[in-house]
Number of protein chains: 2
Amino acid sequence: MRIGVLGTGMVGRTIAGALAERGHDVRVGSRTAGDHAVVFADAAAYGEVLFNCTSGGVSLEVLAAAGEENLAGKLLIDVSNPLDGSGGVFTSATESVGEQIQQAFPAARVVKSLNTINCNLMVDPASVPGDHVVFVCGDDEEAKEQARGLLGELGWPAERVIDLGDIAGARAVEHYILLWIRLWRATGGPQFNIAVVTP
Amino acid sequence: MRIGVLGTGMVGRTIAGALAERGHDVRVGSRTAGDHAVVFADAAAYGEVLFNCTSGGVSLEVLAAAGEENLAGKLLIDVSNPLDGSGGVFTSATESVGEQIQQAFPAARVVKSLNTINCNLMVDPASVPGDHVVFVCGDDEEAKEQARGLLGELGWPAERVIDLGDIAGARAVEHYILLWIRLWRATGGPQFNIAVVTP
């Protein structure tokens, strides 16, 4: 599958590398084209599926540069977090980057996912033992199913992908990052995740 | 030990009952005295340790009614959540009820804990199998140790009580409630918790 990954930070490079390893044709989008990246609009036009791996604070701007027409009808997996650079988030509890993206680009099929874990764990869940989980949420059920398929390729079995409902669930997973930051300190590093246990 | 529990909702009654079963002398505080409750100030004056089990929206008002002098020097375990009644929270990501309480009552030794789980699970963690966790945070290390002791009596072994640091960690656990509400829907009920897994 042709996949466009927006963002050349650690998250974008890690996801792009993992998808390429699994046989996908990946183009990475950046502000300026370079050795390993094309401009955002070219990556977005190329991909049948897109990953937003940019920082939450610039995601809307990046997606505008990517071009609304290049997002239309496509699964857009939003991995961003609204980090404010000081260990907090810039959104209120009644908003989220995921929702902002869906509102700004209504023809995109936004699925929020993977933002609750370190990028190494995103593409190698087996590196931490146990039935820890990732989340998906979004307004388009087919898009969520497609996202589950890609998550499966990255090593996430279906029973460890929890559907949190509509895109407003992005508030839940983006604000979870406040706990994630504290857990990083408590556990001594970013290589951890949560499992959900029931009776 | 003499314990004052502020709040006669499900959380307050469940915690008060569990602590009484474990041999503590418990008084429950309410707005008006009744068959099973005394007024907030009487419960606060009585307790050597206090639990705030009121809704986050009224906690400051309740604690003012309880009396600053009745909180001074005491461990105050804050179990509240800033629920706005519509499935969201009323705080911004840069504030929390836990911090507001500590700021308003600087002589109290506030430890945020137990707000991340259903009240039945608070006092009976074994009702859900697995190494799921609770959190503590607060500015007073001795108070956190004392809170850990009480959590131990409620069934939480030390290795399942995660210290998130200072009272600003209340932002993390209070905003986690957004995820908790979505997980309730996803798992079909409130009887669940999270475990933290590391390599």
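This is a predicted model: local features need pLDDT of at least 70, side-chain atom pairs count only at pLDDT 80 or more; totals for chains, interfaces and linings use all residues.
I began with the contacts (heavy atoms within 4.5 Å): in chain A, among those between residues at least 6 apart in sequence, 71% join residues at least 24 apart.

Residues are numbered from 1 along each chain as its sequence is written, chains are lettered from A and ligands numbered from 1 in the order in which they are written, and side-chain values use heavy atoms, with hydrogens and water left out.

Next I looked up burial, and 57% of the 199 residues of chain A count as buried (under 20% relative accessible area, with a 1.4 Å probe and protein chains only).

Then I turned to secondary structure and found eight helices and nine strands in chain A; these are DSSP runs, H or I of at least four residues for helices and E of at least two for strands, numbered from the N terminus.

I followed the open sheet of eight strands in chain A, which runs S3-S2-S1-S4-S5-S6-S7-S8 with mixed pairing (two strands pair if DSSP finds at least two bridges between them). At its edges I found S3 (38–39) and S8 (161–163) of chain A, each with a single partner strand, so one side of each has no neighbour in the sheet.

Last, I zoomed in on S7 (residues 134–138) of chain A, which pairs with S8(A) in the parallel sense over three bridges. There I saw Val136(A) opposite Asp163(A) in S8(A).

Definitions and conventions:
Buried means under 20% relative accessible area, exposed over 50%, partly exposed in between (1.4 Å probe, protein chains only).
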